[in-house]
Amino acid sequence: MHSPQTVYNKLKSLEQMDIASGALYRQLAQEILADPKVSLSWRQAIAERLSQANRFLAKRNVESGDSY
């Protein structure tokens, strides 16, 4: 398993990754969020960064003309 710090850092640059790498780090983030052994502070930080990344990706997709 990747460290929470690594996943947290990678989530900041999802928009620069290829689709497969981005999907991997999003999945790893979900696994960390579900792991009660990871500290609450890390889970909260990762949840916020994942939320920010989701908003950015949604905005980028809508602006490029894609629809849901």
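Let's start with helix H2. Helix H2 covers residues 19-33, 15 residues in total. From first C-alpha to last it reaches 21 Å, close to the 21 Å expected at 1.5 Å a residue. That expected span is 1.5 Å times one less than the number of residues. Helices here are DSSP runs of H or I with at least four residues, strands are runs of E with at least two, and the numbering starts at the N terminus.

A word on the source. This is a predicted model, where local features need pLDDT of at least 70, side-chain atom pairs count only at pLDDT 80 or more, and totals for chains, interfaces and linings use all residues. Residues are numbered from 1 along each chain as its sequence is written, and side-chain values use heavy atoms, with hydrogens and water left out.

Back to H2. Which residues of H2 are buried? They are Gly22, Tyr25, Leu28, Ala29 and Ile32. These residues cover an arc of only 125° around the axis, so they sit on the same side of H2. The arc is taken from the directions that run from the helix axis to the C-beta atoms. Buried means under 20% relative accessible area, exposed means over 50%, and partly exposed is in between, with a 1.4 Å probe and protein chains only. On the other side of H2, Ile19 and Ala20 are exposed.

Now look at the start of H2. A side-chain oxygen of aspartate 18 comes to within 3.1 Å of the backbone nitrogen of alanine 20.

Leucine 33 has 24% relative accessibility, so it counts as partly exposed. Setting aside residues up to four places away in sequence, leucine 33 touches Arg43, Ile46, Ala47 and Leu50. A contact means heavy atoms within 4.5 Å. Leucine 33 and alanine 45 are twelve residues apart in sequence, and their C-alpha atoms are 9.8 Å apart.

Next, the whole chain. There are three helices and zero strands. The order from the N terminus is α-α-α. The chain has 68 residues, and 25% of them count as buried. Take the contacts between residues at least 6 apart in sequence: 51% of those join residues at least 24 apart. The chain exposes about 4700 Å², with carbon and sulfur atoms supplying 53% of that. Those areas come from the Shrake-Rupley method with a 1.4 Å probe, and for residues only the protein chains shown count as cover.

On to helix H1. Its buried residues are Pro4, Val7 and Leu11. Down the axis of H1, they fall within an arc of 65°, so they line one face of the helix.

Valine 7 in H1 deserves a slide. Valine 7 is buried, at 0% relative accessible area. Beyond four places in sequence, valine 7 touches His2, Tyr25, Leu28, Ala29 and Ile32. Valine 7 and isoleucine 32 are 25 residues apart in sequence, and 8.7 Å apart from C-alpha to C-alpha.

Compare threonine 6, also placed in H1. Threonine 6 is partly exposed, with a relative accessible area of 31%. From threonine 6 to tyrosine 25 is 19 residues in sequence and 9.4 Å in space, C-alpha to C-alpha.

Now the core. Which residues make up the largest nonpolar core? There are twelve: Val7, Leu11, Leu14, Met17, Tyr25, Leu28, Ala29, Ile32, Val38, Ile46, Leu50 and Ala53. H1 (4-11), H2 and H3 (40-63) each supply at least two residues of this core. H2 gives the largest share, four residues. By nonpolar core I mean a set of buried Ala, Val, Leu, Ile, Met, Phe, Trp, Tyr and Cys residues joined through side-chain atoms within 4.5 Å. One member, alanine 53, is in contact with Leu11 and Leu14, leaving aside neighbours within four places in sequence.

Last stop: serine 39, in the loop between H2 and H3. Buried or exposed, or in between? Serine 39 is partly exposed, at 33% relative accessibility. Its side chain makes a polar contact with the side chain of serine 41, at 3.2 Å. A polar contact is a pair of N or O atoms within 3.5 Å; within protein, one must be able to donate a hydrogen and the other to accept it, and residues adjacent in sequence count only if both atoms are side-chain atoms. Serine 39 and proline 4 are 35 residues apart along the chain, with their C-alpha atoms separated by 9.3 Å.
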